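Okay, everyone, thanks for coming. Let's look at one structure together and see how its parts hold on to each other.

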Amino acid sequence: MELKAFSDYLALEKKYSAHTVTAYVNDVEEFSFFCKNRLDEQRIDTVSYPVIRSWVVCLVENGVSNRSVNRKTASLKAYFKFLQGVGLIDSNPLAKHRALKTSKKVQIPFSESEMDSLLSNIQYPDTFEGTRDRLMIQLMYETGMRRAELIHMKLSGIDLNNGLVKVLGKRNKERVIPLLPDTCKLMKVYLDLRRQMPGTEDSNYVMVLKSGYKLYETLVYRTINRYLSKVSLKVKKSPHILRHTFATHLLSKGADMNSVKELLGHSSLASTQVYTHNSIAELKKVHAKAHPRGKK
């Protein structure tokens, strides 16, 4: 199956994150299991498109969402493209595959009042962990960084004198994000507390547990979800919604889309444009106010 070579290709050449590489490999292994146990196909590098189509049908019948099915077939398509690139197959059986239709999910950002309440009215414990959790939320909302970027943020990337932080984004792309003065102050308080914690002196990561180990994804999610639940009744209360809120608030205040793109670390404007629909109401107000016929 050349899965080890495929995994190395994704990680080293495509520079995908470890999480993405694992997801791709798991999807290919899942298809291989289907072929061997349902169709008695022992080698997936020789399968035809009808075989893949039967797998897609099976996934849908088992209740897998169209979005998830599309992700799995994308993984498989990448695998066959890799095999074709190294000369192990002549053509990609998924070359002309069309993705299943999916409904666009509208991500509802938090309002400015909700975020103000979260950062101004909520009481955080006056402890190392309480300060860390407050800083975690403030960083994600005020910089728009991803959860993985927060977790892997290094001490060497912090420049409080100039109010800057360096993070490592998708495909190992570094970017520098400005910090607001209030966040710099909180970072200094946190770093002072961090230095007092036994076990943290050997860690290069900024955000750590009391033991000194770096944070993990579920802890970040639970922490943000818990605090957001205190100020909002919205169903979706995840780290990504804070990033979404960051972008929406900047755009609604008139920030240039290219600047927001750079802050978010997007490779194209198309990725940033998904946040513009939330600014339409504000744009309508500006349009009506500024246009000569707006008051007629």
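Before anything else, one cut-off: a residue is called buried when its relative accessible area is under 20%, exposed when that area is over 50%, and partly exposed in between. Keep in mind too that what you see is a predicted model.

E114 comes in at 13% relative accessibility, so E114 counts as buried. What does E114 pair with? It forms a salt bridge with K234, and the closest N and O atoms are 2.8 Å apart. That pair links distant parts of the chain, since E114 is in helix α5 while K234 is in the loop between α9 (217-228) and α10, 120 residues apart. K234 has a relative accessible area of 22%, so K234 is partly exposed.

Stay with helix α5 for a moment. E112 makes a salt bridge with K253, and here the closest N and O atoms are 3.6 Å apart. E112 lies in α5 (residues 112-120) and K253 sits in the loop between α10 (239-252) and α11, so this pair ties together parts that are 141 residues apart in sequence. Now the accessibility: E112 is at 40%, so it counts as partly exposed, and K253 is at 63%, so it counts as exposed.

How many salt bridges are there in the whole structure? A search finds 14. One of the others joins E149 and R146, with the closest N and O atoms 2.6 Å apart, and both E149 and R146 are buried. There's also a network of salt bridges that links D27, E30, R71 and K72.

D27 brings us to helix α2. This helix runs over residues 18-38, which makes 21 residues, and at 1.5 Å a residue it should span 30 Å; its end C-alpha atoms are 30 Å apart, which agrees. Which residues of α2 are buried? They are V21, Y24, V25, D27, V28, F31, S32, F34 and C35. As for what covers the buried residues of α2, the cover includes α1, α3 (49-61) and α4. Just after α2, you'll find D40 with a positive phi of about 60°.

On to the rings. The structure holds eight aromatic pairs. One of them is F6 with Y79, an edge-to-face pair at 5.1 Å centre to centre, with 75° between the planes. F6 lies in helix α1 (residues 3-13) and Y79 in helix α4 (residues 66-85), so the pair ties together parts that are 73 residues apart in sequence. Are these two buried or exposed? F6 is buried, and Y79 is too.

Y79 has another partner, F80. Their ring centres are 5.9 Å apart and their planes are at 55°, so this pair is tilted. Both Y79 and F80 are buried.

Last stop: E262, in helix α11 (residues 257-264). At 52% relative accessibility, E262 counts as exposed, because the cut-off is over 50%.

Notes: Residues are numbered from 1 along each chain as its sequence is written. This is a predicted model: local features need pLDDT of at least 70, side-chain atom pairs count only at pLDDT 80 or more; totals for chains, interfaces and linings use all residues. Side-chain values use heavy atoms; hydrogens and water are left out. Rings of Phe, Tyr and Trp (its six-membered ring) pair if their centres lie within 6.5 Å; planes under 30 degrees apart count as stacked, over 60 as edge-to-face and the rest as tilted. Helices (H or I, at least four residues) and strands (E, at least two) are DSSP runs, numbered from the N terminus. Buried means under 20% relative accessible area, exposed over 50%, partly exposed in between (1.4 Å probe, protein chains only). The expected span of a helix is 1.5 Å times one less than its number of residues. Contact means heavy atoms within 4.5 Å. A salt bridge is a side-chain nitrogen of Lys or Arg within 4 Å of a carboxyl oxygen of Asp or Glu.
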